[in-house]
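Here is a short report on one protein model. Look at the structure first, then read on.

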Amino acid sequence: MKGRIQEFLQRFSFRTGVIIMALSLPLYIVAFAQAFLSIPTTTKTILFFVFYLLAKLLKYMGLAIVGVEGWERIKRRWKKNIR
């Protein structure tokens, strides 16, 4: 099962992986920002877990698509833009 999922994710391009990882950022923000809403605590807890787990899922899917070489490429570009 794990191998089939990895094969499926490796079909996507580097750019798609970066986009999927970028989509996880708004989900992290929503997961923590909903704590400031005036809704019941149980609803806040459920919303937190849903959005946080979706963000984690997208992050790890993006990392699986990008791969080790792609992650090194992202870090090099990030460091280059900072300088």
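K75 is partly exposed, because its relative accessibility is 35% and that class lies between the 20% and 50% cut-offs. This comes from a predicted model. The side chain of K75 meets that of E72 in a salt bridge, with 3.7 Å from N to O. The pair qualifies because the cut-off is 4 Å. The salt bridge count comes to one. E72 is partly exposed too, with a relative accessible area of 34%.

Where do E72 and K75 lie? Both belong to helix α3, which covers residues 41–82. They are three residues apart, about one turn of the helix.

**The overall fold**

The protein has three helices and zero strands. Read from the N terminus, the order is α-α-α. The C-alpha trace spans about 45 × 40 × 15 Å along its principal axes. How does the radius of gyration compare with that of a compact globule of 83 residues? The globule would have a value near 12 Å, but the protein has 16 Å.

Buried residues make up 17% of the 83 residues. The protein exposes about 6,800 Å². Carbon and sulfur atoms supply 68% of that area. Now take the contacts with a separation of 6 or more: residues 24 or more positions apart account for 73% of them.

**Aromatic rings**

How many aromatic pairs does a search of the whole structure find? It finds six. A pair of aromatic rings is described by the distance of the centres and the angle of the planes. The table gives two of the pairs.

| Pair | Centre to centre | Angle between planes | Type |
|---|---|---|---|
| F8 and F12 | 5.4 Å | 90° | edge-to-face |
| F48 and F49 | 5.7 Å | 70° | edge-to-face |

Why is the pair of F8 and F12 edge-to-face? The planes stand at 90°, and over 60 degrees counts as edge-to-face. The angle of 70° puts F48 and F49 in that class as well, because the cut-off is 60 degrees.

F12 is partly exposed at 35%. F48 counts as partly exposed at 23% relative accessibility. F49 is partly exposed, and its relative accessible area is 47%.

F48 and F49 also belong to a cluster.

The charged end of R73 sits over the ring of F14. The distance to the ring centre is 3.9 Å.

F51 is found in helix α3. Its relative accessible area is 24%, so F51 is partly exposed. The cut-off for buried is under 20%.

Which residues does F51 touch, not counting those up to four places away in sequence? They are L27, V30 and A31. Take A31 as an example. F51 and A31 are 20 residues apart in sequence. In space they are 5.0 Å apart, C-alpha to C-alpha.

Methods: Residues numbered from 1 in each chain as written. Predicted model: local features only at pLDDT ≥ 70, side-chain atom pairs only at ≥ 80, totals over all residues. Heavy atoms only, no water. Helix = DSSP H or I, 4+ residues; strand = E, 2+ residues; numbered from the N terminus. Rg over C-alpha atoms; globule rule 2.2 N^0.38 Å. Buried < 20%, exposed > 50% of the residue type's maximum accessible area, 1.4 Å probe, protein only. Contact = heavy atoms within 4.5 Å. Areas by Shrake-Rupley, 256 points an atom, 1.4 Å probe, with all protein chains shown as cover. Phe/Tyr/Trp six-rings, centres within 6.5 Å; stacked < 30°, edge-to-face > 60°. Lys NZ or Arg CZ within 6 Å of the ring centre and 35° of its normal.
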